[in-house]
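Visitor: I've got a structure on my screen and a few things to ask about it. Shall we walk through it together?

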Amino acid sequence: MKINKKITLLEIFLVVSSIFAFAWIAGSPYNENLYNNEIEEILEFIFLIPIVSAQTTSSTSCCTNLKDGSVCQDLPSDTCNELCASSCIPSSCGAVSQCELGCGFSKSEGTCTLNTPKASCDNNEDCEFLEDPFCSDPKCQKGCCTIGLNTHWYTPAECQIRANAGGVSYEFDRSVENEQACFRQSSNLEEGACVFNNNENSEGNDCLITTQINCDDSKGIFYKDLLCSNNALNTRCKKESYVSCVNGRDGVYWFDSCGNRENIYGTVYNGKIKSPSESCNPNTNNINSGSCGNCNYNLGSICGVFRPGVDRGNMKGYTCRDLNCKDSKGKTRIHKESWCVYDGPIGSGSIFSARGESRGLLSGLLSEFGLFSTDLVGSRHFRQLCNNGEIEVEPCDDYRKEICVQNKKKLDNGREVDGSICRVNMWEQCIGYNTNEGCGAACIGKCIANPDCRVHPVFVDEGFKFTTCVPKYPPGFDLGSTSGLESLAQNYIQDSLGDSGSLGNLGGIASQLTDSSENSASQICSLASQKCTSVWVKTCGLSGIKWECVKNCNCHKAGFTVQMNNLCISLGDCGVYANIEGKVTTNGAYVSKKGKHGATPLQPFFLIPVYFSLAKILKPIPPSGGFYKDESDILNLPTGIVDQFLGGFNRISGASSRTQLQNLFGDQLGTTIGITTITLIGTQAILGSILVGSGSGFFGGLFSGPIFGFDPISIAIGIAIGIGLTYALGCGKVETTEIQFQCQPWQRPKGGDDCEKCSKDPLKPCTKYRCESLGARCTLFNEDTGVQECISIKGEDTIPIISPWEDILNKSLYKYTDVSSNGFKLRTANGECVQALTPVIFGVKTDIHANCRWATQPFDYENLTDSSPDFESLVKPVYVKNHTLLTFLPDVESILLSELNPNELLDSETEIEIRESLLNQLEDLNIYIKCANIDGVSNDADYRINFCVSPGDDVREPVILNTLPSNNNVTRFDATEQNAVFFISEPSECKWDITKPNTASKTESFNMLANTMTCDTNIESGTLFGWLCNTTLPITANENKFFVQCKDQPWLENSEDKTKRNIGNIFEYVLRKSQSELKIDSIKPNGTIYAGTEPIIVEIEVETSGGSNNGEAFCQWGFEQDNMIDSFKETNGILHSYILNQMIKGSYQIFVKCNDAAGNIAEGNTSFVLDLDNLEPVITRVFSNNANLFLATNEISRCFYNETQCGFSLDQSIEFQGANSQVLNTPLIENIDYYIKCQDIWNNSPDSCSIIVRSFEDV
Amino acid sequence: MINKKRAQVTLFIIIAVVIIGAAILFFAFTDIGREIISPIVPSGIGTGLNVEKDFEKCVLDDEMFNKEIAAILKQGGDNNPEHFFLYNDTKYKYLCYSANYYEACINQEPLLIQSVEAEILDAVKPILAKCIQKIEKNLMDRGFEIRSDDFNSEVDIITGNINIKILYNLRIKKGDVSKVFESFEIKKKSEAYQLITVASSIINFEAHYGDSDSVAYMSIYPNTRVEKLKQDDGTTVYRLSDRVTKEEFNFATRSYALPPGYLL
């Protein structure tokens, strides 16, 4: 049989090209030593991930006084000195006494401030530092303070101070529920006329409208509910003298001639005080009324000066001013009404909910299209509110960190209006609910219960179905980072601002402390990168010989793409989807096929019209609250939940989400999540710098991607070799095809034509996220200044000039030759062809930020078609200047091996032809590169990189590059065996034994090793770290030694060339056993804990010992044994602590689970009761003895006395001796009265006296 | 007889008018006369001179006085904040701040009212000094001997007012007559107290729960307008204003800030 050489040529090119991948690296160039050194750390880290996933990776120091004037901030240790005006203390501020947080009580004002650093308070004489940072001290408990005719929400001291300042008496009532109830009381105060007899004034008595208590103080005569102008009182005050507004009241009021407020304008006068509800037209706003001044603030009106031409209804120069608004849809909104506004669809959406005509357009996809999370890229939730006749906007936190929720509220008059708030989007929890198996029954329960999550089923075929819990409102990503254009924009803005463009301390130091999230975007998107394997059987029937699909056949259909892209979109700004202008971009996802059977499913970019339509058609429906509907409702959340809202939730995700994300679907669906982890972490470690704007999708392809790539190549090979094999193979043969969906961060539209649309709606402020979603050139100028502008950055509009990237190349091994403007050759340092199966990292640079694509034949950058020669290379949504490539070049044997069954032999003529053809092509391999600028303009001429593979035999010995667990690692105390993974430099067979072969011959020693590892010798399975072999090793002693040896080229075993196989040196691998089991020595608290007020602060403290490293462990806690809520804030040592600061009284059981680095696990729990002591101490006995007055109390107390009154402050008193005991005494002085007040350790004390003691002589 | 009597009465009346006129001229236009009458003229010596009122007018009418106070209130109660968020060319001082994500803010000004009072005091001192100089010069121009000590001042922000008490021992003398002033008090109408009280409440809420509801505050305090704008970096800018006086109190917080996207 004759092989078509042209086809073979193409095939070889495809084979080789498929093992390349583009990436870019911002940081150190490749360094072999670095590579070798760091790889161990990488693997160690991977090993530890399940155990120490929440470890804090960077240390922080406490700065008590920063240069910018702020105080007590935890800063990264490496930047602390730069930012700190004082010395950096290598500890968290929580442990620094100066920064201990408490409550600052102002002695002169009587006010309390939460979260006050001790030093800030101590530096001020007026400040008293109370230990509880949430100011639960009774001193700080506010109540309703009535001073004169007004009520205030004050602390007791504040009430007294304010009343004293005004020289009036006051009343303080702790029983009033809240501030609003207190203010309502002001209108319920019993008022009346306070008449002062003035016999000298013939016009009548003086009179004042006030309360009984004030009247009594003023020595007047009080007439409840009467107006001063009442004739019966014989005052000089004449009724209804003039009209005015009253501070603190809504209506237009009459005033008498003495200046006393009377009744609401329009109310029939009868000499008595009338409340608004007894006045004219109650429960309406009386806007436009000229006869009734009963304005109602809650219904949208308030008294104001009449403005001719604006107001209607003139009441002696005043009016009920209209505070209501009309929203953008013309709907009347009452004052203070708030509602949600969105940029487009939000939450769950589906084509099924789309209306009308679109169904026809999309009918072909209808059956496949399920729900997805529809929030558009760049979109934000807004809360709009009507405020004094104007519509104001309060944008929720950008990047959809908050969502706007809306509910109906009923007004006093029965009318329903909208009320809305922005609340935290709890999307992080959704991801955390998933397990290795996706979202099982328990996960689904939690997912449904969480209003911010959504169960997302994927059902493509029986063999490819799974369920996940995904965010209902996916978070936005930092698009500047994910696109790689952050630095370009920053430089442009900096250049534009010049020297005079300082923005001050814009944003404080927060930006410097921002953790990198660039990689996480790719990592998250890659969760939807899933592989479906279809199974094909060769059938021989009457109709002929053909391959029939028997499993997962639907993975070849459009439904696979649609469902996977829906999942991809639902994870965040990933995949092929639309921005706020409805512009859909292409490169966020792609589908590839590896294998020769079946069709490649529809590429996601063919869905552009679908998503464009959906972005316009789907209408947002505001969610109705969820966790809480009102800001104040957050206080009513159940214990444990509120902490999550207040920051705990991040730690939940930190503790578990990373692991869960990485494990998600891992086993069930056969994804490369684990490998992806290697590449992600590995890349970071190798490069020693932050990778910006790329991620797992990218590096997954780069480092861990199958060497033979995917569909087009495999098809080509399959066809080519299949031609030679068709009649040599029997019927019933089974083969598989892998269909891979690759989900990547969403790509920004090219150019910057839409930038100005960012500011088109003044009620939707332009932000960085919004701006960057509109185009690759769009950059926010004057960010966060209130005068920001989304501009299209200039420059970099030339065609990118491509050149070899020298720094990335390991020059001791390789070099670029024949460099020209059209390309170069890559050869070894000696100018020879590259050795097969050796990793080669090289790259190209562009003079400007560019998105590069490559193929094995000349191609058009813009010409994206489903049949593009190498689609994977065409979808990298990142604009960078340095573009890295990595490859393992194959040899002839490995290519043949990948396609031939060992038992299947070609006839000699065919084999020779194929071998010759392969050899020839391996001597001249090319890839072609096209790079486009951010406007999408690419180089016209092809840029070609040429390679060749060394034709000689493989003479290199296989090397164990690293192991997992790392060498000399510690295993669990109770371990009897340990799974181990070995990374080999080339596909090999490996064996091990616990005794070292006593021979100098490698062949003999290899044969003497008794145990064979399971090795993946498929060339496609290579990773950056080599080829994997795994085995289970017995753990029998404290120190366990294993001897490992590998033999390469397993495909030669049955051939004549089997003697050419190379055997490596014996590798000694040691695992040590933990010296003891990990133990939890103590968990606190336990028993009953008393507190003065709620919420109660409880600190959980755990101490561990033993295990692999003297008790060092990572601990988590939860209210249920199998549901750890969060990791300890302080952990990864032997002491672990966590503060719950929103606890209420009740019985609790806390479960604790700790793991150490070796995988030792310790579990424990504690039970405790929280109880409140809000009763003041009771004096149970009073007696005198030896000229001392003794008190006995029912609890530990401090007692004070004053000689004149009960209402004394402590600084006006004398304290009894024996403070904080139950028996106290003070010298007994005859003939004085002891006004005694006792307080317990919670500062509970009576408002009046505990007891009044008078001495008398017993007669 | 009757005519004689009438003539006498007329004469007496004329004499009385002359005497009274002479007295008026004496007290009004001679130094001695003015000195004699000065003790019975409140707060001043001589016509057209009321030291307390003039001093108050000097301060309250000073454009810088009002500008300085307004600027301080607009910048979170600080004349020259170091740690601020620049928004619309205004420095919004961080009154509660945490540089980190997911953490409650730490109160940066525990005694806010006292802090604002101190800032106002620093800012208005030069204006007070200028007015004192002006009053002294005015008095000296009118021929008074003046003896005074250095002045001290206090600012007290209370409901409806900003009170400034100037402890200034001023003794003025002309001839044998002298007067001593120990202090002056200036009351500037202001809703600063109300605005700062609301700000304190918002800060406490932020320090505990990380967010606040502007509508809730506006429901309780109809005259106070609360505008809240969240910024990209986690900062929240608050603009509080009084609907009647149009005074503004602006500040920034950063509490429980959330990072964009998935921060793993």
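Visitor: What percentage of the residues in chain A is buried?
Guide: Keep in mind that this is a predicted model. A residue counts as buried when its relative accessible area is under 20%. Chain A has 1259 residues, and the buried share comes to 57%.

Visitor: And how many helices and strands are there in chain A?
Guide: Both kinds of element turn up in chain A. The tally is 26 helices and 65 strands.

Visitor: Over to chain B: how are α4(B) and α5(B) oriented to each other?
Guide: Helix α4 of chain B covers residues 63–74, and helix α5 of chain B covers residues 112–141. Angles over 145 degrees count as roughly antiparallel, so α4(B) and α5(B) are roughly antiparallel.

Visitor: Which classes of residue make up the contact of α4(B) with α5(B)?
Guide: On the α4(B) side you'll find B:M64, B:F65, B:E68, B:I69, B:I72 and B:L73. They meet B:V116, B:E119, B:I120, B:A123, B:V124 and B:I127 in α5(B). By class that gives 10 nonpolar, no polar and 2 charged residues.

Terms used: Residues are numbered from 1 along each chain as its sequence is written. Chains are lettered from A and ligands numbered from 1 in the order in which they are written. This is a predicted model: local features need pLDDT of at least 70, side-chain atom pairs count only at pLDDT 80 or more; totals for chains, interfaces and linings use all residues. Side-chain values use heavy atoms; hydrogens and water are left out. Helices (H or I, at least four residues) and strands (E, at least two) are DSSP runs, numbered from the N terminus. Buried means under 20% relative accessible area, exposed over 50%, partly exposed in between (1.4 Å probe, protein chains only). Axes are lines fitted to C-alpha atoms, for helices over the stretch in contact, and angles run from 0 to 180 degrees between N-to-C directions. Angles under 35 degrees count as roughly parallel, over 145 as roughly antiparallel, 65 to 115 as roughly perpendicular and the rest as oblique. Contact means heavy atoms within 4.5 Å. Ala, Val, Leu, Ile, Met, Phe, Trp, Tyr, Cys and Pro count as nonpolar, Asp, Glu, Lys and Arg as charged, and the others, Gly among them, as polar.
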